[in-house]
Amino acid sequence: MSSFAPVLHSEWLKIRSVRSQCLALAAVLVSTTAFSVLMCATLSAEDTSEAGFDPVRASFFGLNFGQIAAICFGSLAVAGEYRNGAVLVSLTAVPRRGLFYTAKLTVVGLLALAVGLLTSATCFVLGQAALGDLGVGIGEPGALRSVVGCGVYLALITLFAAGLAAVLRSAPAVMGFLIPFLLMLSFVLGDVSEGGGWVDFLPDRAGQQILLQNPDGPLNPWTGTGVLVLWVAAALWVGGRRLMRRDA
Amino acid sequence: MTSIDVTQLTKEYGGRRAVDGLTFTVRPGKVTGFLGPNGAGKSTTMRLVLGLDRPTSGTATIGGRPYAEIDEPLRHVGALLDAQAAVGSRTGRDHLRILAATARIPARRVDDVLEQAGIASAADRRIKTYSLGMRQRLGIAAALLGDPEVVMLDEPSNGLDPEGIIWIRRHVRQLAAEGRAVLVSSHLMSETASFADHLVVLGKGRLLADTGMREFIEEWTTPRVRLRTTDDVRLSAVLAEKGFHPVADDDGRWTVEGARVEDIGPLTAEAGIPILELAGEEPSLEHAYLALTAGEAEYTAPRPTAAVQEV
């Protein structure tokens with residue numbers, strides 16, 4: 001389709017011109033890095049001497065905070081269209097809804113991936129430095145995979161929020177649903193159902209397998225990411241259907 | 001030359017017909033006034049033309065094609081639907097830049113339309129700080145962005161100050177003079193009368209009239225003459241003889257329905273009746289519209305007598 005590039009450009013300008021979206025994206029980098037470094041710098045000898053201590057995982061501790069910012073970014077970027085009916089103007093300019101949706105998700109996803117990779121690289125470098133003698137290099141088994149995986153994870157969570165925002169058409173609704181769903185649910189249930197089960201297939205659990213040096217659940221790093229991709233694809237598909245089928 | 005063609009267009013919302021079998025054409029080089037009370041289906045029709053809503057049946061095309069099939073549509077069609085439809089935390093300039101980017105319209109053009117719409121000085125303020133009138137101007141600027149051959153404006157003077165209303169009237173006339181097809185909806189008669197050449201009138205989603213403005217007024221009103229004389233007795237006798245029915249007003253004037261000054265002037269001169277005052281009353285669009293809708297109301301309104309009988 002000849003008109004994809006202009007629409008991409010337009011979607012890029014949309015994000016750049018709204019301060020809250022830029023701030024949310026910056027918060028992904030800042031909060032993930034800050035909490036990761038803080039964690040690495042304050043680990044006690046007791047913590048680090050435990051059998052399962054994973055120095056690579058420790059440098060992504062802040063991801064739980066960073067993914068909240070990613071959810072905010074993804075949901076704001078899509079739901080912003082539905083406040084005050086701005087989508088009327090957007091769809092008048094780009095009446096092919098599939099093109100509109102694809103362009104928006106492409107820009108949101110690529111930005112989240114770029115910021116996510118920058119975030120994970122920064123976390124790894126600063127986190128390992130903060131660990132001092134316990135710190136490892138990028139050559140450590142699984143380290144490079146974790147760094148790339150963390151960036152991919154942030155991009156996928158952003159798209160998950162974007163897809164849900166296309167369904168719910170409200171950023172607060174997406175945040176109100178997704179933040180407890182991703183953070184609290186698996187946190188609470190994780191301790192209850194020890195030894196795997198359906199909890200491991202929740203999007204955050206599955207997607208974070210890629211960060212672990214020695215995943216012990218039913219999913220390995222790649223199948224875990226695959227499960228998260230399925231969650232994201234489902235959200236995007238339902239959101240896309242809503243956009244394509246309904247009146248604007 | 002591009003026109004808007006609406007054919008047998010119908011849209012139902014939950015069983016209620018917002019637009020019902022509508023057929024009309026908006027031709028280039030003219031301003032078509034789109035009239036009807038609130039809720040008559042004007043905005044719905046515009047949304048259907050722009051592909052924002054899907055018709056239940058029928059078609060709406062621009063230059064023979066459905067809107068969604070037009071490549072870079074802002075270069076061909078400019079529309080203002082709802083001045084509130086914008087992201088409030090963006091500046092007016094960014095709002096227009098984003099739209100311009102979709103159709104590869106140069107950034108220079110954004111400055112041009114901001115200037116034209118008279119909001120250049122507010123271009124770098126956030127839209128949420130704009131008054132309703134400024135938002136209307138921004139919406140109109142957006143509609144003009146791609147120099148389109150078809151322009152659709154839904155209640156464009158809503159919220160505009162008197163200066164803005166004069167501006168929009170002139171602008172709309174100019175757009176038509178440049179050969180564009182212009183559709184402007186309004187529920188205000190005097191305003192529509194000030195710019196429209198052609199009228200499409202809706203009532204309850206149906207087409208009530210699709211005709212030239214002059215023809216519409218002539219069809220639905222009767223001309224009228226008001227005059228004053230020193231000889232009331234002879235005047236009424238002479239006019240009655242010629243088949244007119246002069247009616248005396250409280251202020252000493254006479255009103256003659258169905259007559260023009262060209263009819264009455266020569267008559268009274270011939271009869272030698274001294275005339276102090278003679279004026280034709282120009283029937284207005286409002287009179288014509290009310291006459292049309294009065295007939296329509298009788299036709300569609302539930303009969304109160306029937307309701308009484310049921311009880």
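Buried means under 20% relative accessible area, exposed means over 50%, and partly exposed lies in between (1.4 Å probe, protein chains only). This is a predicted model, in which local features need pLDDT of at least 70, side-chain atom pairs count only at pLDDT 80 or more, and totals for chains, interfaces and linings use all residues. Residues are numbered from 1 along each chain as its sequence is written, chains are lettered from A and ligands numbered from 1 in the order in which they are written, and side-chain values use heavy atoms, with hydrogens and water left out.

**Salt bridges**

A salt bridge is a side-chain nitrogen of Lys or Arg within 4 Å of a carboxyl oxygen of Asp or Glu. By this rule the model holds 26 salt bridges over all chains. Three of them are tabulated here.

| Pair | Closest N to O distance |
|---|---|
| Lys104(A) and Glu11(A) | 2.7 Å |

Take chain A first. Lys104(A) and Glu11(A) form a salt bridge. Lys104(A) lies in helix H7 (residues 97-130) of chain A and Glu11(A) in helix H1 (residues 4-16) of chain A, so the pair ties together parts that are 93 residues apart in sequence. Helices (H or I, at least four residues) and strands (E, at least two) are DSSP runs, numbered from the N terminus. Lys104(A) is buried, at 6% relative accessible area. Glu11(A) is buried too, at 2%.

Now chain B. Asp20(B) is partly exposed, with a relative accessible area of 21%. Arg17(B) is partly exposed at 41%.

Arg226(B) sits in strand S10 (residues 224-229) of chain B and Glu281(B) in strand S13 (residues 275-281) of chain B, so the pair ties together parts that are 55 residues apart in sequence. Arg226(B) is partly exposed, with a relative accessible area of 24%. Glu281(B) is partly exposed at 34%. Both belong to a network of salt bridges that links Arg224(B), Arg226(B), Asp249(B), Glu257(B) and Glu281(B).

**A nonpolar patch on chain A**

Phe35(A), Leu38(A), Phe61(A) and Phe65(A) form a nonpolar surface patch. Together they have about 340 Å² of accessible area. Patches are made of residues with over 30% relative accessible area and no salt bridge; like charges are joined within 9 Å, nonpolar side chains (Val, Leu, Ile, Met, Phe, Trp, Tyr) within 5 Å. Accessible areas come from the Shrake-Rupley method with a 1.4 Å probe, and for residues only the protein chains shown count as cover. Phe61(A) is in the loop between helix H4 (55-58) and helix H5 (63-79) of chain A. Phe61(A) is partly exposed, at 33% relative accessible area.

**Domains of chain B**

Chain B is divided into domain 1 (4-210) and domain 2 (222-281). The bounds come from an automatic or database domain assignment. The C-alpha centres of the two domains of chain B lie 46 Å apart. Asp161(B) and Val233(B) are 72 residues apart in sequence and 50 Å apart in space, C-alpha to C-alpha. Asp161(B) lies in the loop between strand S6 (150-154) and helix H5 (162-177) of chain B. At 38% relative accessibility, Asp161(B) is partly exposed.

**Helix H4 of chain B**

Helix H4 of chain B covers residues 132-144. The expected span of a helix is 1.5 Å times one less than its number of residues. For the 13 residues of H4(B) this gives 18 Å, and the end C-alpha atoms are 18 Å apart, which agrees. H4(B) is mostly covered, with 12 of its 13 residues buried. Among the buried residues are Arg135(B), Gln136(B) and Arg137(B).

Strand S8 (residues 198-203) and strand S9 (residues 206-212) of chain B pair in the antiparallel sense over six bridges. Two strands pair if DSSP finds at least two bridges between them. His198(B) stands opposite Gly212(B) in S9(B). Two residues lie between the strands of this hairpin.

Most residues other than glycine have a negative phi. Lys204(B), in the loop between S8 and S9 of chain B, has a positive phi near 50°. Lys204(B) is exposed, with a relative accessible area of 54%. Asp147(B) has a positive phi of about 50° although it is not a glycine. Asp147(B) is in the loop between H4 and S6 of chain B. Asp147(B) is partly exposed, at 45% relative accessible area.
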